[in-house]
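Colleague: Please pick one part of this model and take me through it closely. Then set it in its surroundings.

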Amino acid sequence: MAALAALPAALAARIPSTDNAFSAAKIIGGEATKLGEFPYILSLEDEWGPACGAVLLNADTVVTAANCIDWMEDPQLYVRAGSLETMSGGVTANVSAFFLHPNWNDTPVDNDIAVMKLSSPIAESPVIGYARLPPFGSDPSEGTILSVAGWGSLDPYEMQHPDALMRVDVPVVGRAKCQAQLSEFLDLIVTESMFCAGFDEGGQDACWGDSGGPIVDGSGTLVGLVSWGHLCAVPLAPGVYTRIGNLIDFIELYL
């Protein structure tokens, strides 16, 4: 995963890695989910194990974070739907093609989104469903409580994989406040294609291994994808998410 080498060690592009600075980690301070609670969440996997989260938009279209796959030249990836576990249960489909946002940039992490097409369709069922996209230009309001889910580690410093899918609820942090807080740690810009969420006191957050997974509002609308942050669950360091409402035009190219 050489693409991560240029990133500062304190910057957690939230994907697994063999480098200790980017140890695979998961939802922190959350709780286990029930089957069907996030019917659109997918585990993005390859022959070595789970790689990232992803979101099912229709029978053959998936979105994930660009940072999950931009380093792959010929990815042998598949997705798993309808299971609370990675690497077992549910139904799977191979990824036949993927498309990075044309303005994706890994330093700073911006426009962090990719669309993937599946080689076989995944049908809806009692525990599998398709995510609802927000209107173009929509932007989560400061203070709104959103829910994020994933299979990342329960500890920011160790590979503690949960037994099942986890979730955590976090409030949206305004861009100006988020920028000021993260500037204490990182020389990176919070752009209009991002939004932030987290508690000032820390303790609850997405983390490495959760990249590409969904963050949704109270109606279940997909408002973002897990993208990056300063370490995980650190006080005064909100998590940063890809803002779906600012990137609808790119997604609609492949629906």
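Modeller: Start with the pair Cys207 and Cys232. The torsion about their S-S bond is about 75 degrees, so this disulfide is right-handed. Cys207 sits in the loop between β13 and β14 (214-216), and Cys232 in the loop between β15 (222-230) and β16 (239-243), so the link ties together parts 25 residues apart in sequence. Helices (H or I, at least four residues) and strands (E, at least two) are DSSP runs, numbered from the N terminus. The two sulfur atoms of Cys207 and Cys232 lie 1.7 Å apart. A disulfide here is a pair of cysteine sulfur atoms within 2.5 Å. Cys207 and Cys232 are both buried. Buried means under 20% relative accessible area, exposed over 50%, and partly exposed in between (1.4 Å probe, protein chains only).

This is a predicted model: local features need pLDDT of at least 70, side-chain atom pairs count only at pLDDT 80 or more, and totals for chains, interfaces and linings use all residues. Numbering runs from 1 along each chain as its sequence is written, and side-chain values use heavy atoms, with hydrogens and water left out.

How many disulfides does the whole structure hold? A search finds 3. With the bonded cysteines numbered in sequence order, the pairing is 1-2, 3-4, 5-6.

Now the pair Cys52 and Cys68. Their sulfur-to-sulfur distance is 2.1 Å. The torsion about the S-S bond of Cys52 and Cys68 is -100 degrees, and the link is left-handed. It connects distant parts of the chain: Cys52 belongs to strand β4 (residues 49-58), Cys68 to helix α1 (residues 66-69), 16 residues apart. Cys52 counts as buried because its relative accessibility is 4%. Cys68 is buried too, because its value is 2%.

Next, Cys178 and Cys196. Their sulfur atoms are 2.1 Å apart. With -80 degrees about the S-S bond, the link of Cys178 and Cys196 is left-handed. Helix α2 (residues 175-182) supplies Cys178, and strand β13 (residues 194-197) supplies Cys196; the partners are 18 residues apart and join distant parts of the chain. Cys178 and Cys196 are buried.

Gly30 belongs to the loop between β1 (11-13) and β2 (31-32). Gly30 is partly exposed because its relative accessible area is 35%. Leaving out residues up to four places away in sequence, Gly30 touches Met166, Arg167 and Val168. A contact means heavy atoms within 4.5 Å.

Among contacts between residues at least 6 apart in sequence, 72% join residues at least 24 apart. The secondary structure comes to 3 helices and 16 strands. Of the 255 residues, 57% count as buried.

The structure has 3 cavities of 30 Å³ or more. A cavity is a set of points on a 1 Å grid, over the protein atoms alone, where a 1.4 Å probe fits but cannot get out; lining residues have an atom within 4 Å of a point. The second largest cavity has a volume of about 60 Å³, a volume being the space filled by probe spheres set on the points, which are joined across faces, edges and corners. The second largest cavity has 13 lining residues, and Leu35, Gly36, Phe38, Ile41 and Ser83 lie nearest its centre.

Conventions. 1 Å grid on protein atoms, 1.4 Å probe; cavity = no way out; pocket = protein on both sides within 12 Å on 5 of 7 lines; lining within 4 Å.
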